Amino acid sequence: MCGAPAQTPTLPPHVDITKETVIYGTVSLGDAPVPAAYVRLLDGTGEFTAEVVTSATGDYRFFAAPGEWTLSVLHKDGSVRKAVVALEPGLIEVPLTIS
């Protein structure tokens, strides 16, 4: 176990998290981060909204409005789907583990 403090995403200086919702996290498989996974953001009706590819350290990030969202991960080693409820602006960390 690492004694480092919890990490938060590095945001551009113009981002005001009192007004914006940032959904972020790391995609992992077991204890290992998963680079090059496709993370999709679906709206409350299940419609595709956006997609990003995880970084070399498995990180992803979306800027979204408060609301109900679903994150869906696709990777050659597995997939995962997770509902997210963002009630207000701010940082919403959602770790995703594929299986």
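A residue is termed partly exposed when its relative accessible area lies between the limit for buried residues, under 20%, and that for exposed residues, over 50%. In the predicted model described here, R40 falls into this intermediate class because its relative accessible area is 32%.

Side chains of opposite charge can pair when their charged atoms come close. The partner of R40 is E51, and the closest N and O atoms of this pair are 2.7 Å apart. Because R40 belongs to strand β3 and E51 to strand β4 (residues 48-53), the contact ties together parts that are 11 residues apart in sequence. E51 is likewise classed as partly exposed, at 34% relative accessibility.

A salt bridge is also formed between D77 and K76, with 3.5 Å separating the closest N and O atoms. In this pair, D77 is partly exposed, its relative accessible area being 42%, whereas K76 counts as exposed at 74% relative accessibility.

Strand β3, which spans residues 38-42, also contains Y38. The relative accessible area of Y38 is 40%, and this residue is therefore partly exposed. Together with V53 and L74, Y38 forms a nonpolar patch on the surface.

Key:
Residues numbered from 1 in each chain as written. Predicted model: local features only at pLDDT ≥ 70, side-chain atom pairs only at ≥ 80, totals over all residues. Heavy atoms only, no water. Patch = residues over 30% accessible without salt bridge, like charges linked within 9 Å, V, L, I, M, F, W, Y side chains within 5 Å. Areas by Shrake-Rupley, 256 points an atom, 1.4 Å probe, with all protein chains shown as cover. Salt bridge = Lys/Arg side-chain N within 4 Å of Asp/Glu carboxyl O. Helix = DSSP H or I, 4+ residues; strand = E, 2+ residues; numbered from the N terminus. Buried < 20%, exposed > 50% of the residue type's maximum accessible area, 1.4 Å probe, protein only.
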